[in-house]
Amino acid sequence: MRRPQLKIPSWLPVDGYILALIGTVVLAALLPARGVVATGAEGVSTGAVALLFFLYGARLSTSEAMDGLRHWRLHLTVLAFTFAVFPLLGLAARGLVPYLLTPQLYTGLLFLCLVPSTIQSSIAFTSIARGNVAAAICAGSFSSLVGIVITPLLAAALLGGDGGGFSADSLLSIVFQLLVPFLAGQLLRRWISGFLTRHKKVLGYVDRGSILLVVYTAFSTGMVQGIWSKVSFWRLAELVAVEAVLLAVMLTLTTYGSRKLGFPRADRIAITFAGSKKSLAAGLPMASVLFGAQASLAVLPLMLFHQMQLMVCAVIAKRYARQAEAAEAAGETGEMGEPGEAAPAGQTESAGAVSAAEPVGARR
């Protein structure tokens, strides 16, 4: 007799990497790095972040990015949601301090609103929903590229003295630890891209291992300095509720805003997923440079938001897919509306959806 197996519902994805991040936080809580070990871990973490952004630069195809310029209107829309609408909502959340958020958690929430969009998950969800995958690839790449410069500048302007360890020195650290390695990767790409392609899987472990090291170092510092004693369970619950509202607002704005701007269905799907999400892979290393000892609390909102966006967007993507399948089964040619809406008759559907082949440089 077969034993029943416990299966995670397909509509509730649990990101394995999030579980690894949680395990790293637990390890830092039980065995935080101290003294000489902490100094060594911080040095290795600094080198790991530089390597991470070198690989980002080496993987990003310049020609692919240039080809995507023909969708400039779509990319500008995604950038506007990522680096204008999100920060405005983050600034509006200041009114929740100290009622729902502590100043430290608000700083992390505002930082979350400043980081670039994702690439890998935007591509995956756009593909599932039968949207314009090519546009999602380019939009995520542009967002990551622009974010290396825009995120620190926005942090300097909006966080100021509230940014914990943020200062002019932090801005210089961003340049030398993130931007310079990224540009070096771009310059050397023509000679090392073949090597990166052949060892894609191994280098993926290097990427993720580097981020886990950054998280361990940041949370170890937080434990040693007693930062976590400032956060209660109810404050965390209130933070989750605030982030749920933030995600719902952004999904609504990207979905219906892109429709009002006249984009076809396939492009609207790409805008919805690329414009409403934030990159954990880009945000964690930036936070470690910007916030220093306060990075543990600064990255907590981003880690929570990342898992939340995966779960919610998976549900939305599958609803889009079911809608497309139902239309095909019925032999409809009209353009389909948003999930849950009837398909209006007499409109032609965009043929912008492409295959879900993921590029070498796709990141979360």
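## Basis of the description

The model is predicted, so local features are given only at pLDDT of at least 70 and side-chain atom pairs only at pLDDT 80 or more, while totals for chains, interfaces and linings use all residues. Residues are numbered from 1 along each chain as its sequence is written, and side-chain values use heavy atoms, with hydrogens and water left out.

## Overall architecture

The chain contains 13 helices and zero strands. Helices (H or I, at least four residues) and strands (E, at least two) are DSSP runs, numbered from the N terminus. Of the 364 residues, 48% count as buried. Buried means under 20% relative accessible area, exposed means over 50%, and partly exposed lies in between, with a 1.4 Å probe and protein chains only.

Contact means heavy atoms within 4.5 Å. Among contacts in the chain with a separation of 6 or more, 84% are between residues 24 or more positions apart. The accessible surface of the chain is about 16600 Å², and 67% of that surface belongs to carbon and sulfur atoms. These areas come from the Shrake-Rupley method with a 1.4 Å probe; for residues, only the protein chains shown count as cover.

Helix 2 spans residues 35–59 and has 25 residues. From its first C-alpha to its last, helix 2 reaches 36 Å, close to the 36 Å expected at 1.5 Å a residue; the expected span is 1.5 Å times one less than the number of residues. Its buried residues include Ala41, Ser45, Ala48, Val49 and Leu52. Towards the end of the helix, Tyr56, Gly57, Ala58 and Arg59 are also among the buried residues.

Leu60 is located in the loop between helix 2 and helix 3 (62–67). Leu60 counts as buried because its relative accessibility is 12%. Beyond residues up to four places away in sequence, Leu60 touches Ser141, Leu145, Phe182, Gln186 and Arg189. The C-alpha atoms of Leu60 and Cys138 are separated by 10.0 Å, although these residues are 78 residues apart along the chain.

## Cysteines

Cys138 counts as buried because its relative accessibility is 8%. Cys313 is buried as well, with a relative accessible area of 0%. The structure holds zero disulfides, a disulfide being a pair of cysteine sulfur atoms within 2.5 Å.

## Helix 11 and its cover

In helix 11, eleven of the eleven residues are buried. The cover over these buried residues includes helix 4, helix 6 (120–128), helix 7 (133–158), helix 10 (233–260) and helix 13.

Thr272 lies in helix 11, which comprises residues 265–275. The relative accessible area of Thr272 is 1%, so this residue is buried. A polar atom of the Thr272 side chain lies 2.9 Å from the backbone oxygen of Arg268. Apart from neighbours within four places in sequence, Thr272 is in contact with Leu251, Thr254, Thr255 and Tyr320.

## Aromatic pairs

Five aromatic pairs are found in the whole structure. Rings of Phe, Tyr and Trp (its six-membered ring) pair if their centres lie within 6.5 Å; planes under 30 degrees apart count as stacked, over 60 as edge-to-face and the rest as tilted. Phe86 and Phe305 form an edge-to-face pair, 6.2 Å centre to centre with 80° between the planes. Phe86 lies in helix 4 (residues 72–92) and Phe305 in helix 13 (residues 295–329), so this pair ties together parts that are 219 residues apart in sequence. Both Phe86 and Phe305 are buried.

The ring centres of Phe233 and Trp234 are 5.3 Å apart and their planes are at 75°, so this pair is edge-to-face. Phe233 is exposed, with a relative accessible area of 60%, and Trp234 is exposed at 62%. Elsewhere, ring pairs link Phe125, Phe273 and Tyr320 into a cluster.

## Backbone features in two loops

Most residues other than glycine have a negative phi, and most peptide bonds are trans. Val97 and Pro98 are joined by a cis peptide bond, with omega about 5°. Pro98 lies in the loop between helix 4 and helix 5 (103–112).

Arg130, which is not a glycine, has a positive phi of about 65°. Arg130 is placed in the loop between helix 6 and helix 7 and is partly exposed, with a relative accessible area of 30%.

Key: A polar contact is a pair of N or O atoms within 3.5 Å; within protein, one must be able to donate a hydrogen and the other to accept it, and residues adjacent in sequence count only if both atoms are side-chain atoms.
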